[in-house]
Structures are given as structure tokens and as C-alpha cells.
Amino acid sequence: MISTDAHRAAVAAESARFAEVIEGADLATPVPGCPGWTLLDLVRHAGSVQRWFAVLLRQSVQEPPRTREVDLRLPAGDDGWPGWLREGAAEAADVFGSTDLDAPMWTWGADGHARFWVRRMLFETLVHRVDAEAALGLPSTIDPALAVDGVDEFLVNLPFATPFAPGVARLRGAGETIRFRRTDVADSADSVDSVVSAGEWLVRLGPDEFGVVREAAGDREHPAAATVAGPAADLLLLLYGRTDRADEAFEVSGDEALLARWSDNSRF
């Protein structure tokens with residue numbers, strides 16, 4: 001995984017990019033990646049999540065919060081939304097700087113430390129920035145190192161998402177495995193973790209739980225029941241349901257029914 005400092009910097013960069021994308025845009029534009037949402041819905045959601053995460057960090061909550069209500073300070077007019085996003089990012093940066101991000105606190109995912117929320121905020125912001133670009137017909141790029149980290153963050157935390165993504169509970173099996181493999185060239189700066197550096201993640205579906213299996217290098221040649229291979233950025237968007245495994249970016253093999261069950265139940 002990349003460092004918490006890198007996550008902090010990326011939150012700021014992605015927020016600034018998101019604000020730039022929506023500058024002067026028609027906020028009634030539908031967002032294909034979030035069916036039923038307009039660009040206004042997307043922007044309000046992204047900025048609200050940043051502010052809520054900032055409140056959690058400021059309070060260093062130690063148990064699940066009873067409410068998600070925070071003072072959003074919404075803009076008065078449509079031309080105020082880019083600035084509102086920037087203000088939320090500035091607030092987050094201020095909280096990051098005044099918080100011990102290695103301190104234990106409540107999270108819904110695998111990492112029970114404050115840094116969880118910085119990493120989670122990053123990928124919430126990044127994916128929704130791409131959503132905004134797609135809605136407006138703009139090209140998108142994702143830094144490969146961030147994409148690798150985002151794939152790992154998604155797969156490691158997904159087993160804990162059942163409280164708000166009940167379909168995840170249906171990802172059970174008899175030990176079947178799905179391998180996600182990065183096909184673009186790995187950069188040594190991507191990660192110090194041997195599995196993530198290689199750009200491979202093996203997910204095993206057991207009768208009671210599922211999750212990423214951390215393989216040794218010699219184990220990666222063992223066949224999985226299904227494999228999806230593609231560039232890191234495309235894998236990230238696939239996991240978030242923003243693209244389809246039938247896309248030409250991917251090499252897909254193995255149990256199609258298993259892959260269909262995964263895609264039907266793995267979004268959060």
C-alpha cells in the first residue's frame with residue numbers, strides 16, 4: 001500500500017480535479033456510473049462524504065456513529081458547487097494535519113485506525129471524479145499506483161461492507177477462487193507488498209466468509225476458478241461497477257457464473 005502521506009496528497013489533488021471538472025457544467029446532466037443521479041447529486045454526495053469523514057476523524061469516534069448528519073453549509077447557487085468541493089477538501093486537509101492517523105478508532109473496514117478514513121476518502125473522491133468526467137464526455141486518467149492501491153483497498157474491505165451492501169453476504173462458496181491480475185507494467189513505487197507489487201489478488205469464497213488470500217510468489221501460477229486481467233485503472237473501475245468485464249481492456253477466463261455472481265453482489 002502507498003503511504004498515508006500519499007493518500008492525503010491524493011485526496012487534495014483528486015478534489016481539486018473534481019472541482020475543475022464541474023466548473024461551468026450543467027448540473028442536471030445524468031451520471032451513467034450512478035443510475036438515477038444527476039451531476040448535482042454526485043457532487044453533493046462526494047462533498048458530504050468528505051465532510052462526514054472529517055467529523056469522524058475530528059471526534060476520533062470509537063463506536064459506530066448514530067447519525068451521518070453534519071453541517072454541510074451548502075452553496076446558495078449552482079456556481080458555488082466547485083468552491084464547496086474545494087472547501088470540503090481544505091477542511092479534510094486541516095483535520096488530517098491535526099489528527100494522529102495511526103491512532104485506533106472505529107471504522108467499518110479492515111483497518112481500525114484513523115488512516116482508514118483518509119484512504120477511503122481518496123477512493124470515494126477519485127471514483128466520483130471519474131463519474132463526473134464520464135457524465136460530461138471527458139477522458140479520464142488514473143494514476144497506476146493509486147489504481148493498484150484502490151483495487152487492494154476495495155477487495156480487503158469488501159467483506160466488511162454487509163451493513164450497507166447486503167448483497168455481499170451472498171459471496172459465499174465452497175472454496176472457489178477468483179484472480180484479479182494487473183496487466184500493465186508494475187512500477188516498483190506501486191507498493192512494498194509482494195502481492196500488490198505483482199498486481200495479483202486472489203479472492204476465495206468459503207462457506208462462511210470470503211476474502212483476499214495473500215499468496216506466496218510461487219503460488220501465483222496455480223489456476224483459479226476464474227481470472228480477470230487488465231490494466232490497474234480498468235480493474236479498479238470494474239470492481240466499482242463502472243465498466244464491464246466484456247470490455248476489450250480485459251482478458252477473462254474460467255467460471256462465468258462465478259464471475260456473474262461476484263459482479264451482481266460486490267458493489268458498495
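A residue is called buried when its relative accessible area is under 20%, exposed when the value is over 50%, and partly exposed in between (1.4 Å probe, protein chains only). By this rule L239 is buried, because its relative accessible area is 3%. The structure is a predicted model, in which local features need pLDDT of at least 70, side-chain atom pairs count only at pLDDT 80 or more, and totals for chains, interfaces and linings use all residues. Residues are numbered from 1 along each chain as its sequence is written, and side-chain values use heavy atoms, with hydrogens and water left out.

**Helix α1**

- Helices are DSSP runs of H or I with at least four residues, numbered from the N terminus.
- Helix α1 covers residues 4-22, and its 19 residues should span 27 Å at 1.5 Å a residue, which agrees with the 27 Å between its end C-alpha atoms; the expected span is 1.5 Å times one less than the number of residues.
- The buried residues of α1 are T4, H7, A10, V11, E14, S15, F18, A19, V21 and I22.
- Seen down the axis of α1, these buried residues fall within an arc of 165°, so they line one face of the helix; the arc is taken from the directions between the helix axis and the C-beta atoms.
- D5 and E20, on the other side of α1, are exposed.
- The cover over the buried residues of α1 includes α2 (39-59), α3 (81-98), α4 (115-135) and α5 (144-157).

**E133 in helix α4**

- E133 belongs to helix α4 and counts as buried because its relative accessibility is 4%.
- Contact means heavy atoms within 4.5 Å; leaving aside neighbours within four places in sequence, E133 is in contact with R17, V21, L138, P139 and S140.
- The side chains of E133 and S140 make a polar contact (2.4 Å); such a contact is a pair of N or O atoms within 3.5 Å, where, within protein, one must be able to donate a hydrogen and the other to accept it, and residues adjacent in sequence count only if both atoms are side-chain atoms.

**L239 in helix α7**

- L239 lies in helix α7 (residues 232-239).
- Leaving aside neighbours within four places in sequence, L239 is in contact with V151, F154, L155, F180 and W262.
- L239 and M105 are 134 residues apart along the chain, and their C-alpha atoms are separated by 27 Å.

Terms used: Helix = DSSP H or I, 4+ residues; strand = E, 2+ residues; numbered from the N terminus.
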